[in-house]
Amino acid sequence: MIPRDRLEELLSVFKDRKIAVIGDLYLDRYGVGTMEGIAREAPVPIVRLRGADSNTYSPGGGSNVCANVADLGPKTYPISAFGEDLHGYELRRQLEERGIDTRYIEIDPSRVTPTFEKFFASAHGSPIQQVGRVDIENDTPVSPETEKRLVESIEKAAQVVDAFIVADYAETPAAQVITPKVLKVIVRIAGEGKVPFISDSRTRIQLFKNTMAVPNEYEAAVATGLYDSSMAGVIPDDVADRAGDKLSSLLGRPCFVTRGPKAMSVHHDGIIERVEPKPTIGQIDTCGAGDTVDAGVAAAIASGATLLEAAEIGDLAANVTIKKIGTTGTATPKEILELYDQLSQGR
């Protein structure tokens, strides 16, 4: 692992850095109540939500990347657009409560604020379990006016930030915040080499040229045409390695491939460097761990870390969050150092 004094040195710089996050911002809503029977007008359960504590909200999608960056220390600037609605109001509040600067967020009345609503209930003393989910998504493109303002915001941010993260998370094709014009600007500015870009995309990472991609092994294999349906979602080690190399060559930048319990590999200049897997004991929750890796890698690169050091920090941060059960979670520099010390003592 990275020497402790070097890790502490890099983490201490995080608070002096500025990072912009371009992409799709989501709101997560969790409703917890009791099931009180079946509705009269339809064969569906009635879930009664009572009191202020029955509803909780948290940043999701690109918003969770922002939350992870902010908790690591850098000043955080989301560049995005969402609706003029109650969910948008709540999402902005969630971001600002975390000290995130929302000056570059555009309000587009033609769109909704993407929201994942999950409902949990118990009945007659039974354990609480998820009983429903509602996804609110955009199905129309970003308006030309909003697109123009997003491009202007990226240009402005490029003058002041130390790194960008591209969070291309929209579920609906053609409704992404990262439109073809926005993507063209990202590729151009990233190609100038003045500020590093870290990119993550569920379905089109191969398009983000001049950026340092952080896909998981499945995304890398699909993006490079190396995935075969016979693999059934299990990517062999040699395929993951070839995918990382090919994606790095395609984008013209180093590539970080996350490998789950096998940690991460870094691909650059025909070289593969590997992060040592960390032992985990007890229950884990990997939801949102990729967002944490993105934030850790970006903050480290912006602070002068080598590629392998950035991968180590991203992996350590993710190993903090996977122990936070039932929440996407974030990691702080203090928590990363505490985990590092625990792992060192366990050697």
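**Close-up views of a predicted protein chain**

View 1. His267 has Ile272 in β14 as its bridge partner. This is a predicted model, in which local features need pLDDT of at least 70 and side-chain atom pairs count only at pLDDT 80 or more, while totals for chains, interfaces and linings use all residues. Residues are numbered from 1 along each chain as its sequence is written, and side-chain values use heavy atoms, with hydrogens and water left out. Strand β13 (residues 264–268) pairs with strand β14 (residues 271–274) in the antiparallel sense over four bridges, where pairing requires that DSSP finds at least two bridges between two strands. Two residues lie between β13 and β14 in this hairpin, and Asp269 in the turn has a positive phi of about 55 degrees.

**View 2. Helices and strands of the chain.** The protein chain contains 10 helices and 14 strands, which are DSSP runs (helices H or I, at least four residues; strands E, at least two) numbered from the N terminus. Its C-alpha trace spans about 65 × 55 × 45 Å along the principal axes.

View 3. Of the 347 residues in the protein chain, 53% are buried, that is, under 20% relative accessible area with a 1.4 Å probe and protein chains only. Among contacts (heavy atoms within 4.5 Å) between residues at least 6 apart in sequence, 70% join residues at least 24 apart.

Notes: Buried < 20%, exposed > 50% of the residue type's maximum accessible area, 1.4 Å probe, protein only.
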